[in-house]
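Dear colleague,

I am handing over the structure we spoke about, and I would be grateful if you could read the notes below with it open beside you.

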Amino acid sequence: MSRGTATAAWHTDDALDIVVPIAAAAVARAPARLVTVGLGSCVAIVLHSAREQIGALAHVLLPEAVNTSDAMQPARFADLAVPHLLRALADGGAEGPFEARLVGGASMFSELLPHDERPLGSRNVEAARRACALAGVPIVGEETGGRVGRSVRFDVADGLVRVRSVASDDRLL
């Protein structure tokens, strides 16, 4: 995990920013911010406890694990990421309640898929929604789908998730 890394999406050297790479996850307490960039078909799953000012973010790559060895990389898969984040939050002393926000899941190259195949981005979003529902974590905000990539900056102190894309102004969730 890197701190203060400059990213193309945010151009920051701010020590409060923790950059979460693809297929990885991080937990932080206020005043930190969790940042991830380059969400195409990937989905950022953000969990937050407003009362405790603690949060977690996973940059998931695929909807579900298919092999037992996949459990070694839980942030890579939406179905494993949510329970993994909840365990990490509990290990950090958080009791909840938690709420979720989802960002990403674009159909970046859907024209390359066979007509009967659903795009990976929509499968990732559906899997993230299912995982949150199974864990009893309500989703309070989403910026998903479409055809453009996004980046996320999650302010753990207030729970605001700033979504940046080339197609529109920043959006707050």
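The notes that follow go from confidence to the cores, then to one helix, the salt bridges and the backbone.

This is a predicted model, in which local features need pLDDT of at least 70 and side-chain atom pairs count only at pLDDT 80 or more, whereas totals for chains, interfaces and linings use all residues. Residues are numbered from 1 along each chain as its sequence is written, and side-chain values use heavy atoms, with hydrogens and water left out.

As to confidence, the mean pLDDT of the protein (the predictor's confidence in each residue, from 0 to 100) is 87, and 87% of the residues reach 70 or more.

Next, the interior. A nonpolar core is here a set of buried Ala, Val, Leu, Ile, Met, Phe, Trp, Tyr and Cys residues joined through side-chain atoms within 4.5 Å, where buried means under 20% relative accessible area, exposed means over 50% and partly exposed lies in between, with a 1.4 Å probe and protein chains only. The largest such core has 23 residues, and those with the most contacts inside it are Val43, Ile45, Leu47, Val60 and Leu89. At least two residues of this core come from each of strand S5 (43-49), strand S6 (54-60), helix H1 (78-91), strand S7 (99-104) and helix H2. Apart from it lies another core, of 19 residues, among them Ala24, Ala28, Leu39 and Val163. Ile45, when its neighbours within four places in sequence are left aside, is in contact with residues including Ala58, Val60, Leu85, Leu102 and Ala128.

A polar atom of the Asn124 side chain lies 2.8 Å from the backbone oxygen of Ser41, and beyond its neighbours within four places in sequence Asn124 is in contact with Ser41, Cys42, Val43, Leu61, Leu62, Pro63 and Ala78. Ser122, also placed in helix H2, counts as partly exposed because its relative accessibility is 24%. A polar atom of the Ser122 side chain lies 3.0 Å from the backbone oxygen of Pro119, while the C-alpha atoms of Ser122 and Val43, 79 residues apart along the chain, are separated by 9.5 Å.

Turning to charge, a salt bridge is a side-chain nitrogen of Lys or Arg within 4 Å of a carboxyl oxygen of Asp or Glu, and by this rule the count comes to 11. The side chains of Arg129 and Glu142 meet in one of them, at 2.8 Å from N to O. Arg129 lies in helix H2 and Glu142 in strand S8 (residues 139-144), so this pair ties together parts that are 13 residues apart in sequence. Arg129 is partly exposed at 36%, as is Glu142 at 26%. Asp170 forms a salt bridge with Arg162, with the closest N and O atoms 3.7 Å apart, and Arg164 forms one with Asp170, at 2.9 Å between the closest N and O atoms. Asp17, Arg33 and Arg153 are linked in a network of salt bridges.

Finally, the backbone. Most residues other than glycine have a negative phi, and most peptide bonds are trans. Here, a cis peptide bond joins Ala30 and Pro31, with omega about 15°, and Pro31 sits in the loop between strand S3 (25-29) and strand S4 (33-39). The bond from Gly96 to Pro97 is cis as well, with omega near 5°, and Pro97 is placed in the loop between H1 and S7. Positive phi values in residues other than glycine are found at Ala23, near 65°, and at Gln53, near 50°; Gln53 belongs to the loop between S5 and S6.

With best wishes

Technical notes. Polar contact = N/O pair within 3.5 Å; in protein donor to acceptor, adjacent residues only side chain to side chain. Contact = heavy atoms within 4.5 Å. Helix = DSSP H or I, 4+ residues; strand = E, 2+ residues; numbered from the N terminus.
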